[in-house]
Amino acid sequence: MIMNPKSSSFPFMIIISMIILNISTTIVVANFVEKTCKKCEKNNPNVDYEFCVSSFRSHPGSDSADLRKLGAISLHLIGKNVSNSVEYVEDLLHKKEVDPYKRARLNDCLEVYCEAVVSVEEGKKAYKEGRYDDVNIKVSSVMDAGRVCEDGFREKEGLSSPLTRWNNDTFNLTAIALSIINMLS
């Protein structure tokens with residue numbers, strides 16, 4: 001049936017068509033994050049699919065992003081995480097009841113996380129310029145920051161790290177970014 005533009009149902013059909021097209025586009029775009037996370041998990045055993053999806057979902061721009069934009073978002077998420085880690089460590093260091101051994105480990109963590117903030121910023125710049133090998137180096141150094149911090153607490157038996165969650169998030173976010181960077185290069 002061919003619709004006559006002067007027909008009263010023609011505007012209704014146009015609106016319905018636009019709604020269906022919008023819903024279809026939203027579903028395809030939303031699935032891109034999930035497909036990308038599946039591919040990241042497949043290509044990198046350090047990527048946890050659920051963590052990947054929830055991390056991207058926490059950023060409003062991810063639902064309309066392509067792979068390159070997801071890479072930029074992953075770097076943003078790392079930067080946010082390491083900056084928050086610095087703030088958290090500083091808060092812990094302001095507490096008087098922290099014993100000297102733990103204080104020393106926290107200072108070590110603060111140092112590596114401050115360096116990580118700089119590395120992320122340098123990585124973002126390299127990413128914008130398409131220098132993926134440089135981004136890979138910077139992101140890998142941030143991945144090591146979380147491990148170095150966590151390992152410092154493991155040196156003393158019975159001491160648990162107050163930064164395990166932060167360190168794990170840093171590791172997981174960098175694994176996602178590295179996987180995406182490898183897909184782009």
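This is a predicted model: local features need pLDDT of at least 70, side-chain atom pairs count only at pLDDT 80 or more; totals for chains, interfaces and linings use all residues.
View 1. Residues are numbered from 1 along each chain as its sequence is written, and side-chain values use heavy atoms, with hydrogens and water left out. Helix α5 covers residues 132–154 and helix α6 covers residues 164–184; their axes come within 9 Å and cross at roughly 160°. (Axes are lines fitted to C-alpha atoms, for helices over the stretch in contact, and angles run from 0 to 180 degrees between N-to-C directions.) The two helices, α5 and α6, are therefore roughly antiparallel; angles over 145 degrees get that label, under 35 is roughly parallel, 65 to 115 roughly perpendicular, and the rest oblique. α5 goes past α6 in a left-handed crossing, meaning the near helix is turned anticlockwise from the far one by less than a right angle, with clockwise being right-handed.

**View 2. Who touches whom between α5 and α6.** On the α5 side, look for Y132, V135, N136, V139, S140, V142, M143, G146, R147, C149 and E150. Facing them from α6 are T164, N167, T170, F171, T174, A175, A177, L178, I181, N182 and L184. Contact here means heavy atoms within 4.5 Å. The residues of this α5 and α6 contact split into 12 nonpolar, eight polar and two charged. For the classes, Ala, Val, Leu, Ile, Met, Phe, Trp, Tyr, Cys and Pro count as nonpolar, Asp, Glu, Lys and Arg as charged, and the others, Gly among them, as polar.

**View 3. Helix α3 against α5.** The axes of α3 (residues 67–93) and α5 come within 12 Å and cross at roughly 30°. That makes α3 roughly parallel to α5, and their crossing is left-handed. R68, L75, I78 and V82 of α3 make the contact with Y132, V135, V139 and V142 of α5. By class, that is seven nonpolar, no polar and one charged residues for α3 with α5.

**View 4. The tyrosine pair Y127 and Y132.** Searching the whole structure turns up two aromatic pairs. One of them is Y127 with Y132, an edge-to-face pair at 5.7 Å centre to centre and 65° between the planes. (Rings of Phe, Tyr and Trp, the last by its six-membered ring, pair if their centres lie within 6.5 Å; planes under 30 degrees apart are stacked, over 60 edge-to-face, and the rest tilted.) Y127 and Y132 are both buried, where buried means under 20% relative accessible area, exposed over 50%, and partly exposed in between, using a 1.4 Å probe and protein chains only.

**View 5. Around L110 in α4.** L110 belongs to helix α4, residues 100–128, and is buried, with a relative accessible area of 17%. Leaving out residues up to four places away in sequence, L110 touches V86, V89, E90 and L93. Y88 is 22 residues from L110 along the chain, and their C-alpha atoms are separated by 9.2 Å.

**View 6. S62, a buried loop residue.** S62 is in the loop between α2 (49–57) and α3, and is buried, with a relative accessible area of 1%. Not counting residues up to four places away in sequence, S62 touches V33, F56, R57, L70 and I73. S62 and F32 are 30 residues apart in sequence, yet 9.1 Å apart in space from C-alpha to C-alpha.

**View 7. The whole chain.** Zooming out, the chain has six helices and zero strands; helices (H or I, at least four residues) and strands (E, at least two) are DSSP runs numbered from the N terminus. Of the chain's 185 residues, 39% count as buried.
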